[in-house]
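Welcome! Please take a moment to look over the sequence and the model, and then let us walk through a few places together.

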Amino acid sequence: MSPTLIGIIGIVFMLALFLTQMPVAFVMALVGYVGFSYVINIDAGLALLSLEVYETLASYDLSTIPLFIFMGQLGFNSGISKRLYDAGYKFLGNIRGGLAMATVAACTAFGAVCGSSPATAATMATIGLPEMKRYNYDDELATGSVASGGSIGMIMPPSVVLIIYGILTQQSIGALFVAGIFPALLITLLFILCIYIRCTISPEQGPPGESFSWTEKLKSLMGLGETLAVFALVIVGIFIGLFTPTEAAAIGAFGVLLIGLVRRQLTWQGFVNSVLEALRTSCMVMMLIVGAVILSKFLAVTRIPFEIAGWVAGLDLPAVLVMSVILIIYLIGGCFIDALAFVTLTVPIFYPVVQQLGYDPVWFGVMIVMITQMGVITPPIGINVYVVYGVAQTVFRQTIPLETIFKGVIPFLAALIVGVIILILFPQIILFLPNLLY
């Protein structure tokens, strides 16, 4: 039996195991180990299992992940998210759909501290939904804006998905971070435009709130000064080479911790919760990376990625058409598999193809995050939708039907698709900053 056929059987078996709801990380590791042992030998498989696990988890680069996750948890438990929303509300709340726009803007800003899509959605749902309910916002608009706005946390640096992509492909994490800034801002503007159009057509969906003086508006920005300073220090420090991404993550986590303590808004219980949640999430991410590394070794000996790359290179098709097919695969797959798991699973397969086609790996990294970003608000996974659904039950003590939330995200999905098309047509939106700074 040829190694390629063994690889195909392994992939089919892996997909079958996914249906049992076995954790994705363990499925990838199991299939990778068994397949590698079968193709080479059992001793080589055992060596792979021990050495790769140790070397992966001992990697200095991976220490970036728990630190950035810890930074986001500290931000959540120290009230940063509430101040972000308050600033957005005072600037935008007095126009039609302003509260929804403020929610999207706050999601983008909090994503710059958090880096997690579900965490951003949960945080802003807790803060934004009661306010929109108080001003009689339509449930579809209110829940849809929170769920969709939370997805921006996936692309806004420091993005955990971009960190993992950078580790798997040996790309500069700093370059990936700067590449994600303009796309995140583009999607934010498209979401705000979407809300504006929606409320212009149906004004009753987003009635205007109260107005604030410029003094109150500027005062709300003053409350964000230290948070913006920490974010600027982290991102700019990476850009100019002042410190590594890991050092930047440590400085960011310490800075957010210091803000919470100085403001006396971080309780001991909040600190403990931040540590526990960061530990839980980091372990999940680490295991995904380990599973992906073991699986990639198996795929490498079967030569499937290289066979696919060679086959694609031999096709008489334009590179843009092949890339479109790859992005469609990410779009469909992101609807069924967690974005983080799907990226770690597929990057070893598609990355050689992208290199063969001559596309910039930084551009590709940002694009697949943008595409899988849609998966967090589309059925059947749609994790952000379920997060908002759960928070709504807790906040309002009543159930907002899931179909209402899914209907609410449809216009934002359309805005996301427009954003992806713009980035395909104008790749320099992604590459301008990396080319300028690296």
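This is a predicted model: local features need pLDDT of at least 70, side-chain atom pairs count only at pLDDT 80 or more; totals for chains, interfaces and linings use all residues.

The protein chain has a mean pLDDT of 82, and 94% of its residues reach 70 or more. Where among the elements is the mean pLDDT lowest, and where is it highest? The lowest value, 67, belongs to helix α15, which covers residues 304-314. At the other end is helix α10, residues 173-201, with the highest mean, 91.

On the α8 side, the contact is made by Glu140, Leu141, Ser145, Ser148 and Gly149. Helix α10 contributes Phe191, Ile195, Arg198 and Cys199. Sorted by class, this contact has four nonpolar, three polar and two charged residues.

Now follow the chain into the loop between α7 (117-134) and α8, where you will find Asn136. Phi of Asn136 is near 60 degrees, a positive value in a residue other than glycine. Is Asn136 buried or exposed? With a relative accessible area of 61%, Asn136 is exposed, because the cut-off for that word is over 50%.

Another loop, between α13 (245-262) and α14 (268-302), holds Arg264. Phi of Arg264 is near 60 degrees, and this residue too is one other than glycine with a positive value. Arg264 has a relative accessible area of 77%, and is therefore exposed.

Finally, turn to the aromatic rings. How many aromatic pairs does a search of the whole structure find? The search finds ten. One of them joins Tyr359 and Trp363, whose rings are stacked, 5.3 Å centre to centre with 20 degrees between the planes. Within this pair, Tyr359 is partly exposed, with a relative accessible area of 22%, whereas Trp363 is buried, at 5%. Elsewhere on the tour of rings, Tyr165, Tyr330, Phe350, Tyr351 and Phe364 are linked by ring pairs into a cluster.

Technical notes. Residues are numbered from 1 along each chain as its sequence is written. Side-chain values use heavy atoms; hydrogens and water are left out. pLDDT is the predictor's confidence in each residue, from 0 to 100. Helices (H or I, at least four residues) and strands (E, at least two) are DSSP runs, numbered from the N terminus. Contact means heavy atoms within 4.5 Å. Ala, Val, Leu, Ile, Met, Phe, Trp, Tyr, Cys and Pro count as nonpolar, Asp, Glu, Lys and Arg as charged, and the others, Gly among them, as polar. Buried means under 20% relative accessible area, exposed over 50%, partly exposed in between (1.4 Å probe, protein chains only). Rings of Phe, Tyr and Trp (its six-membered ring) pair if their centres lie within 6.5 Å; planes under 30 degrees apart count as stacked, over 60 as edge-to-face and the rest as tilted.
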